[in-house]
Amino acid sequence: MAECARCGAFTDNGADGGYHYCDDCLADFATIEQSGVVVEQATEGGAYHLIVTDGDASLDGGQENSQVDALARGKYICDECGLDGVFKYAPTGSTWVLSEYLQAHPSIRQDVHERLRRVPDESPGLLDRIRSFL
């Protein structure tokens, strides 16, 4: 009997990639995937896709070329829209709740926070720019 890679509970579930997950953790991942943010690598070594599955979210997903940029954008969307996110890591086949992944990997978390510090404040709208010009 294998242990769940996320919570350590024993599970009879088969491996997903190289990792076993219990029913509760699989349900958590599925809930987030249905109404949250999914960050995944299209193919190993390829670009990262961000998918926002919550219909009420004010921000859209997209594509990033680096893991840090993808995680930063995913975290930004989660924070701004009040959503949870999952990160599907292609090289190992693991799945993580985004906040747990960042907590477990301090150097990546630091790079993500550094990237988020460079996110510009909301730019002024067209009317604001016209007013400042006049």
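This is a predicted model: local features need pLDDT of at least 70, side-chain atom pairs count only at pLDDT 80 or more; totals for chains, interfaces and linings use all residues.
Reader: How do you know that the length of helix α1 agrees with its number of residues?

Author: Helix α1 holds 12 residues, 23-34, and at 1.5 Å a residue these should span 16 Å. The C-alpha atoms at its ends are 16 Å apart, so the two values agree.

Reader: Which residues of α1 are called buried, and what makes them lie on the same side?

Author: Cys 25, Phe 29 and Ile 32 are buried, a term that requires under 20% relative accessible area. They cover an arc of only 65° around the axis, which places them on the same side of α1. In general, an α-helix has 3.6 residues a turn, so residues three or four places apart point the same way.

Reader: What covers these buried residues, and which residues are exposed on the other side?

Author: The cover includes β5 (37-41), β8 (85-89) and β9 (94-97). On the other side of α1, Asp 23, Asp 24, Thr 31 and Gln 34 are exposed.

Reader: Where is Asp 54, and why is it said to have no salt bridge?

Author: Asp 54 is in the loop between β6 (48-52) and β7 (62-64). A salt bridge must be within 4 Å, whereas the nearest side chain of opposite charge, Arg 73, is 16 Å away from the buried Asp 54. Therefore Asp 54 has no salt bridge.

Reader: What makes the pairing of Asp 54 with Ser 35 a polar contact?

Author: The limit is 3.5 Å, and the side chains of Asp 54 and Ser 35 make their polar contact at 2.9 Å.

Key
Residues are numbered from 1 along each chain as its sequence is written. Side-chain values use heavy atoms; hydrogens and water are left out. Helices (H or I, at least four residues) and strands (E, at least two) are DSSP runs, numbered from the N terminus. The expected span of a helix is 1.5 Å times one less than its number of residues. Buried means under 20% relative accessible area, exposed over 50%, partly exposed in between (1.4 Å probe, protein chains only). The arc is that of the directions from the helix axis to the C-beta atoms. Contact means heavy atoms within 4.5 Å. Lys and Arg count as positive and Asp and Glu as negative; His and the chain ends are not counted. A polar contact is a pair of N or O atoms within 3.5 Å; within protein, one must be able to donate a hydrogen and the other to accept it, and residues adjacent in sequence count only if both atoms are side-chain atoms.
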